[in-house]
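Open the model in your viewer and keep the sequence panel beside it. The stops below go from the contact between chains to single pairs of residues.

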Amino acid sequence: MAFLDNSGDIILDAVLTDTGRMRLAKGDGTFKIVKFSLADDEIDYSLFNRSHPSGSAYYDLEIMQTPVLEAFTNNTSTMKHKLISIPRTNLVYLPTIKLSETFANHKRVAQASPAPTGVFVVAVDETTLGEITGEGNICPNTGVLDGEAASEGNYIRVDQGIDSLGNPSPAMSLESDLIETQYIVQIDDRFGKIVSQADGAKEATVSFKDDDNIASYYLSLNTDTEFVFNNSNKLVTDAQAISGPRGTYLQFRVQSSLDLNTSTFLFQELGGSATMEIGSPVKKYYYIDSNVRVTGATTGRSIDIPVRFTKFYT
Amino acid sequence: MASTFKTFLNDDIATTRTLLHEAIPITGSIIYGTYGAPGAELQIKTFAHGMFQSVYDYPFLSSSANHIFDVTHAHNSVFQTQGVTGTKSDGATYDGASQLGAISTHPFFKKRKNIYGQMGQVLVGHDVVGEIQKFDQDGDLLSAIGSKYNCLIFMNFARLLGKDEIKKGSFELKIGTEQTHSATAGVMNDNLLTIKDDGAATNYKVNSPAGEYGILKITGDSNVSGGGISTQPEYDAKCGLIFYQAGVVALTPDLFMGFVASVYNKGKITNASGGGTDGVDAKMNATQNILALLNDNAKTMDDVALAFRQRIEKVCFNNTTELNSTIYFCRASHNDFNYSSNPTYLLNSKIRVKGKRDHDPISYITSVGLYSSDNELLAVAKLSEPLRKDPTNDMTLRVRLDY
């Protein structure tokens, strides 16, 4: 995508997304625009210079000069960072969404090379899990998720709140309009699906799946009680991902798809094979790298969680 | 409550219709020559059935080539015996049937009739008893009285150029009517007639099943042997029809032999000085005499198309694209969209652009997303530069989607 010409009048370059065109072609009435959102995907707010020597008119000089790319037609590649409407103007802190890695059972893999450092490894079948863990199907290895049963062992946790290095204190309550009450979890449906951390791997309901096979799950507080929880912990001393006032948190596991569980086709097409030190000793595995994206439906905050789907190379 | 979406109200969505026009100039050098010798031009696609030729703007085997228009011609059964009537340049009269009486034995006789029937059905329709109507000079299809076009040369413009329709009153064709065939550039463009649909913007016909059409006339811009024709009988003579939505131009081959039984000898493709005695048979043996070609058993429809193409100096018109648009007024009021979920917006959860509690929050808009009720992104618009949004301003971004 090229940059838009910003030498003259402000222009607006509008396109239908691939999903929009697909729905238009279906002709079933699903192409109906009912709302809008604004985003600032290209903006780097760290360029905002409140101490510019020339005065306040120059604080955002560099930001305003940011060139803007043409519109992407891929619906998942744009509108990543939405602007938020909050009637109050006196906020100094905003809540964020953060991957919680306070305990071993929801940490990412952290071994040395050739380990896949910094990802969650989803063992797509019991054979792979056995090769990693040695014996049994429980996942003692940090960052390894049981992708077949997905009913016990490690999981992924995302916390929401003001992560302000303890000031304000977690003892304070997060203001009600800043508490995230609904999360959108997006995952490539060819690879896996979202299941609950507790209750024997209860499957979350897919809200919709787009033309790129990205499945979206809407998980709400008080409705999806196996997934979204109020974080009532206000203790400073407890190990928590959020160091300030806490809102809610989301817990889930990733269950591998039947395609990954039973075949190497997608691994060969979309991934590769390599020796990895997930367990011990080093072994060869097929793998596909992907992301699970978690977005706060209310606050718009999002996080991409790296996931590596892994199958033992026989 | 924080939110990232704003729902459109009823008055935030408007629909409009816009007509977009593009100028389409086609020079004769594309239509004839440039890409090979006559009859073997690489930009001309011929077919085994020989019923029409396709003209491209580049050798048609190239993926860069664009289809411009097709050329064909046709006549009905009346033409077989009607022939040409009127006064010859030497003062004698045409005797009609004897000149063209043998046309029914022409190997392309049925194909020409087929084309006439096909174009007639589509462009002028049927009468009350189901007979295909004849093309009429002034559009009076129902009347048996009046001049009918029993023989026509058709230019069928590709939709790539014509789009939704040819703009009324914009069509212009400059065509040479010089009798002499020559490979030398420009020779056949002598005795140049300028054909237009003047006045069609406000005066056109609507009794065609293919939509609206106008009358083509020879205009005063014509230049015959270095002089104008404003005082000659050819001036303002009807010479064809243009069907705007169908993108079809139908021209009478009478263009090439003088009009209204005139003794006026210029502007004809044939004349007495060509060696014969009248406009039809004078150039019977010349490969480029269009009317003669119609009656020459040795000549194909491709020969006629070639002879026609060679004389075109220029075709131009404006096309029309009908844009149906929906305009979405994205209104961001003073207290909307002042914060951002951009990861760089916060440093340790503290808003970077606010130094103190009483500072206004600031955000910068670069994108507008249009969503369905289930939050699927259906359309996206990008601003060419960031727009600053803070509580001291409100703005309306007008996003137009064309269909």
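Begin by selecting the contact between the two chains: 79 residues of chain A and 71 residues of chain B take part in it. This is a predicted model. Between them, chain A and chain B bury about 7100 Å², and 59% of that area lies on carbon and sulfur atoms. Now pick out A:K35, A:F36 and A:Y45, which account for 13% of the area that chain A buries against chain B, more than any other three residues.

Stay at the interface and turn to its polar side. The rule finds 44 residue pairs in polar contact across the interface of chain A and chain B, both residues being at pLDDT 80 or more. Three salt bridges also cross from chain A to chain B. To see a salt bridge, show the side chains of B:K382 and A:E42, where the N to O distance is 2.6 Å.

Next, hide chain B and colour the side of chain A that touches it. Which elements of chain A each supply at least two residues here? They are β1, α1, β2, α2 (61-64) and β3 (83-84). By type, the residues on this side of chain A are 38 nonpolar, 22 polar and 19 charged.

Bring chain B back and select the sheet that contains strands of both chains. Its five strands are ordered β1(A)-β21(B)-β20(B)-β2(A)-β1(B), and the sheet is open with antiparallel pairing.

Now zoom in on β2 of chain A, residues 35-39. Two bridges join this strand to β1(B), and the two run antiparallel. Centre on A:F36, which has B:K6 of β1(B) opposite.

Leave the interface and look within chain A. Over all chains, the structure holds 27 salt bridges. Select A:E131 and A:K283, whose side chains form a salt bridge at 2.8 Å, N to O. The two residues are 152 residues apart and link distant parts of the chain, with A:E131 in helix α3 (residues 126-133) and A:K283 in strand β15 (residues 283-296) of chain A.

The last stop is in chain B. Select β12 (residues 205-208) and β13 (residues 211-218), which run antiparallel and are joined by two bridges. How many residues lie between β12(B) and β13(B) in their hairpin? There are two residues between them. Finish on B:K205, whose bridge partner in β13(B) is B:Y213.

How values were computed: Residues are numbered from 1 along each chain as its sequence is written. Chains are lettered from A and ligands numbered from 1 in the order in which they are written. This is a predicted model: local features need pLDDT of at least 70, side-chain atom pairs count only at pLDDT 80 or more; totals for chains, interfaces and linings use all residues. Side-chain values use heavy atoms; hydrogens and water are left out. Two strands pair if DSSP finds at least two bridges between them. Helices (H or I, at least four residues) and strands (E, at least two) are DSSP runs, numbered from the N terminus. Contact means heavy atoms within 4.5 Å. Buried area is the accessible area (1.4 Å probe) that two parts lose on being put together, summed over both. A salt bridge is a side-chain nitrogen of Lys or Arg within 4 Å of a carboxyl oxygen of Asp or Glu. A polar contact is a pair of N or O atoms within 3.5 Å; within protein, one must be able to donate a hydrogen and the other to accept it, and residues adjacent in sequence count only if both atoms are side-chain atoms. Ala, Val, Leu, Ile, Met, Phe, Trp, Tyr, Cys and Pro count as nonpolar, Asp, Glu, Lys and Arg as charged, and the others, Gly among them, as polar.
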